Number of protein chains: 2
Amino acid sequence: MIGLRRKSPFPYSLSSILSPRISSTSLRAFLPMRPLTSESLNPSVLNVQYAVRGELAIKAEDLRAKLKEDNHGLPFDKVISSNIGNPQQKGLDQPPITFTRQVAALMEWPALAELAPDAFPKDVIARAKELSEEIGSIGAYSHSQGVPFIRQNVAKFIEERDGYPSNPDHIFLTAGASAGVSLLISMLISTPKAGILIPIPQYPLYTATLAQYNGVPIPYHLDETMDWATSVHEIEGAIEKAHRDGVHAKALVIINPGNPTGALLDEETQKKLVELCQKYSLVLLADEVYQTNLHKPDTHPFSSFKKIVCDLQSPTALISFHSISKGISGECGRRGGYFECTNVSEEVLALIYKMVSVGLCPPLGGQIGVDSMIRPPKPGDESYDLWKQETDTIHDALRHRTHTMAERLNGLPGVTCVKSPGALYLYPQIRLSDKAIEAAKKAGKEPDAFYALELLHETGICVVPGSGFGQKDGEWHYRLTCLCPGVDEYVGKLEKFHQGFVERYGSA
Amino acid sequence: MIGLRRKSPFPYSLSSILSPRISSTSLRAFLPMRPLTSESLNPSVLNVQYAVRGELAIKAEDLRAKLKEDNHGLPFDKVISSNIGNPQQKGLDQPPITFTRQVAALMEWPALAELAPDAFPKDVIARAKELSEEIGSIGAYSHSQGVPFIRQNVAKFIEERDGYPSNPDHIFLTAGASAGVSLLISMLISTPKAGILIPIPQYPLYTATLAQYNGVPIPYHLDETMDWATSVHEIEGAIEKAHRDGVHAKALVIINPGNPTGALLDEETQKKLVELCQKYSLVLLADEVYQTNLHKPDTHPFSSFKKIVCDLQSPTALISFHSISKGISGECGRRGGYFECTNVSEEVLALIYKMVSVGLCPPLGGQIGVDSMIRPPKPGDESYDLWKQETDTIHDALRHRTHTMAERLNGLPGVTCVKSPGALYLYPQIRLSDKAIEAAKKAGKEPDAFYALELLHETGICVVPGSGFGQKDGEWHYRLTCLCPGVDEYVGKLEKFHQGFVERYGSA
């Protein structure tokens, strides 16, 4: 119902209607008795907030629709959805990895291997054949936990990444990382006084899911002055404060590389975090979906929490999430991902299996996307050179855009931006004048939402205000993705807007 | 962890392991302190039951794995998973509709239209081009409610089916019907005393989801002696009984055509049901995923509840669910479906949108599957003849198998089976002797589960015991799908097993 505004509600010919029935207008006359009102719904639903697709995103869709009209009168000719890490969206057009799509096309219609053999590299044909033998049709439900063969491949990928064993029976393929996070939170919240430690700023999936399942978010702040560092001391303070409030901290969410911050943890900090989980019997929920989006891998490498838990021989229960939506894969629309359980009992694994079985199975398109991501072509394979070239291009472009954006945002008055070494985002702080804050108040908006709305209406660039991710009182930020074609033009628009905003409202 | 038994937990070469780290055995030594135990989880999770993928299905997977061993010693050479309506699964091998897969292959890798133009019919190429222009990459997130263009097509399909307007803004594309049902139930359960009327027998998604969200299932029985008819009187009795128990009935679930019963409602009954919903302010949840699986369409046609609500000009809030997993599409693995909201306020629609936005979007593979299902080739299109032939074959085979199975099951001593006019299942009643019931009790099983387990171990046929769907006290049933290759051989196995069972335990 949102983002789809048809000029007439019923544009289709109704001449095919067989009997004299009612029009939409007369239907409306029958609406007064409505059992389905917001007051009658689960009150938790009303508390859910998800800014990434909230007011700004809805307005952006409206503007995108308006752009299609003649004489739209808007001061821009395209909407750039920097509110969401969606690399392949229209306007950004990051091309998919050819290998992934060739395998998927053959899985959709295996006859193509005979009908058009020259269209496909040999290793692609072999890969699709191997997958088909294991899976059968991708139109069939798979094992609820995901195709066993693909889970074996994921386990091998994890073993090669970390140097420790991984058990395919402890891996669950999912419809993107979000589905896994939501499931685990729904299982962990045992009482309305059960809480989960959430970084601030956070990715709002966590608070939204906690609201849905009546859990308590226990915020801990990341330190912007230390490049968004995670402090064990800060988390311990949050646990103890929660305890004083009668809230029991059950799990710790760590997003590494960070969203929206782009920060990367070093192993020393990771070890302290695992020890903290052990001390307080916290389940560690490690959101590692940006693990391959590294802009400075030499100085800022990624280590998985699985490796750290194994290094420490820690008994900490760890659930680590990965996804095909990010990285260089960017296959958001397939809905694919997985989570691996470490130090989780067979009994709890059986309960997780039962819960996922109610949803039958993750989408097969997402499952084969996972397989392509964790088993890319190897040197010597016919597909390798193209794969290498495509992925290098994506890595380089992201690194370049992230660097350029941060540099130039830092050059603006009242703006400071941590130079993120990972993920897809920047999270600049904007200092706003009293006049701007006053204008926001008049408009009934948070000051950063006010700034973001003006940005959208002036430039067509849609970002998410910091209030959606969390920030300290009196601070204002926004998150923008580092995905855009033509970074100079894009940043130029941001700069011009900001300068105009400062001219209108003064500097802080 | 289930259905995947590797001979060694870590078959991969660990020679690539870089440093002296721990083995899986030493990991186990660190397991004593585990914060993640079943006692610490959300207690609702423990109450969830989903028999379709429960004990029988898990045992069937184990047997399937065992069959791969040399000298497995089992008295059958294949496992037939009649526990789940999964037409394209291995062993059943109902072929996908070529049109659907050709469109999907082109969406995966659009370059194929140039690389192998002769491999595709012209209407397929045109369709994929049209979809690509609307969607862009299927690797991008779509609108959270589903691609607007596809929702417009769904609305048109509904208008043509029912003769009434349909608003694409009131349609939500989903990851299969299950995802939509689960969402709506999670939103409707506002207190632990909120209940939902569920047919008995039911598809266990409903009770599983109610258990998960702490809602009360309010059972109403279908009448087996009247071919599983739905009685308004029976439902009214259930509402009033619930009311006496302090439970507030908020919604009525109707599965039409029925699962597991295969029964079809006539319009007269449907009208009474809509009036009942109006009288008691119930939201009508109409599970209509089998709407095209009709075996006797002349005498038992399908009418949608949307049509009935419009015929009556009723203000009843209706959510109707459809899916690509069933019908002749059988595309379970894509995870695609939709629900349409009728007489639902903009305010509640906005809340539904907010909830689906947290999950980002339904899988694009499922969304384009919906489009292919509701916009099949038309007479005159290059693809039409093949599509017609394929779908006729599937309809005919299903009709034939359903008829043959019911006839022959009815010929067995102690077995009666309603001849289902719709859906994919039969739900025979089996009368069991005291000796059989005693043997089941000794084995710690429900008598029908005991029967089904013996059936599985003797024939490799996996069915679901009636206790998973609900039945009257002292009655026993099982559900089997009408999907199998070689119906004579299949029913022959059922007959032989049943006769042996009666010889062993006597007749009731």
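**View 1. C482(A) is a buried cysteine, with a relative accessible area of 0%.** Buried here means under 20% relative accessible area, exposed over 50%, and partly exposed in between (1.4 Å probe, protein chains only). A disulfide is a pair of cysteine sulfur atoms within 2.5 Å, and the structure holds 0 of them over all chains.

This is a predicted model, in which local features need pLDDT of at least 70, side-chain atom pairs count only at pLDDT 80 or more, and totals for chains, interfaces and linings use all residues. Residues are numbered from 1 along each chain as its sequence is written, chains are lettered from A and ligands numbered from 1 in the order in which they are written, and side-chain values use heavy atoms, leaving out hydrogens and water.

**View 2. C462(B) is buried too, at 0% relative accessibility.** Its sulfur lies 14 Å from the closest cysteine sulfur, in C484(B), so the two are too far apart for a bond.

**View 3. Helix α9 of chain B (residues 205-212) is largely enclosed by the rest of the structure, because 7 of its 8 residues are buried.** Helices (H or I, at least four residues) and strands (E, at least two) are DSSP runs, numbered from the N terminus. Among the buried residues of α9(B) are L205(B), Y206(B) and L210(B). After α9(B) comes N214(B), with a positive phi near 60°.

**View 4. In chain A, 30 residues of domain 1 are in contact with 31 residues of domain 2.** Contact means heavy atoms within 4.5 Å, and the domain bounds come from an automatic or database domain assignment.
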